[in-house]
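Colleague: Could you walk me through the pockets and the core of this one?
Modeller: Gladly, here it is.

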Amino acid sequence: MSFQSFNEAWFEHLHGLLQQLRAAPKAASPESDGALLDLVHKVRTHYSQYYRAMSYTARLDAVSLFTARWSSSLERSLQWVAGWRPTIAFHLIYTHSSILFETHIVDLLRGARIGDLGDLSPAQLQRVSELQCRTVREENEVTAELSECSNSTTSAVVVVGAGFEAAENVERLRSVVEKAENLRFRTICSVVEILSPQQAVEFLVAVMELQLWVRGMGLCHDRVRQNLREF
């Protein structure tokens, strides 16, 4: 199976998982928590399959991941090292937490525990903040390595053509992609481990909705542009 075919099938399955998460029970109980944890595990497995496929493709042809013909123009314009930027996860947490906190502020001030992302504890917020700092640092390191690799690859092509140095830098590019994929997956998993089952489901719903929205808008925009060219 080509990566393009895999990518299309993966997004179709992602949409199905999103529907399951939206329909998941929200009442906190041992039974509902168990059901939510099962769903969270299914989503993590789904994302791990994507990152393994990316890493495998990077070993075969790392450059193709940057051209990403299977992605829309919008998706490619937003990519960081052939995928989404890991720190986006924290923007989603803080944004959704703030919105839900404002929604439940009266109940929270009365001491009620809602249990959603708007009800993050001080300890959870501290752990999220620490994870964000580590992720920003690692993201910057990967960005710097990609920049160095790109500059070296360009120089090698100019000086020696498609020789050994160019091949060596392509291998470095593969390594950078694998580091980025590893960071993306670890970020998702680390955030989920901080959250309760209900909060983890809400976080994953936000991540999946964003991915599907960007893809849907991008594909629609590309179709409109193609139709205009043909007209």
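Colleague: Which element gives the most to the lining of the largest pocket?
Modeller: That is α2, which contributes five residues to the lining, although please keep in mind that this is a predicted model. Residues of α1, α3 (73-78), α4, α7 and α8 also take part, and each of these elements, like α2, supplies at least two.

Colleague: Which lining residues are closest to the centre of that pocket?
Modeller: Of the 26 residues that line the largest pocket, Glu 75, Gln 79, Gly 83, Trp 84 and Gln 211 are the closest to its centre. The volume of this pocket is about 460 Å³, and its lining divides into 17 nonpolar, five polar and four charged residues.

Colleague: And the second largest pocket, what lines that?
Modeller: Its lining has 16 residues, and those nearest the centre are Lys 26, Leu 100, Val 201, Glu 202 and Val 205. Two or more residues come from each of α1, α4 and α8, with α8 providing the largest share, six residues. By type, the lining of this second pocket comprises nine nonpolar, two polar and five charged residues, and the space inside is about 270 Å³.

Colleague: Switching to the largest nonpolar core, which residues touch the most other members?
Modeller: Among its 56 residues, these are Leu 21, Tyr 47, Val 81, Phe 203, Leu 204 and Met 208. The core draws two or more residues from each of α1 (3-22), α2 (30-67), α4 (88-103), α6 (122-160), α7 (164-194) and α8 (197-230), and α2 gives the most, with 12.

Colleague: What is Val 81 in contact with, leaving aside its neighbours within four places in sequence?
Modeller: Val 81 is in contact with Phe 66, Val 142, Leu 146, Val 176, Val 177, Ala 180, Glu 181 and Arg 184.

Notes
Residues are numbered from 1 along each chain as its sequence is written. This is a predicted model: local features need pLDDT of at least 70, side-chain atom pairs count only at pLDDT 80 or more; totals for chains, interfaces and linings use all residues. Side-chain values use heavy atoms; hydrogens and water are left out. A nonpolar core is a set of buried Ala, Val, Leu, Ile, Met, Phe, Trp, Tyr and Cys residues joined through side-chain atoms within 4.5 Å. Buried means under 20% relative accessible area, exposed over 50%, partly exposed in between (1.4 Å probe, protein chains only). Helices (H or I, at least four residues) and strands (E, at least two) are DSSP runs, numbered from the N terminus. Contact means heavy atoms within 4.5 Å. On a 1 Å grid over the protein atoms alone, a cavity is a set of points where a 1.4 Å probe fits but cannot get out, and a pocket is an open set with protein on both sides within 12 Å along at least five of seven lines; lining residues have an atom within 4 Å of a point. Grid points are joined across faces, edges and corners, and a volume is the space filled by probe spheres set on the points. Ala, Val, Leu, Ile, Met, Phe, Trp, Tyr, Cys and Pro count as nonpolar, Asp, Glu, Lys and Arg as charged, and the others, Gly among them, as polar.
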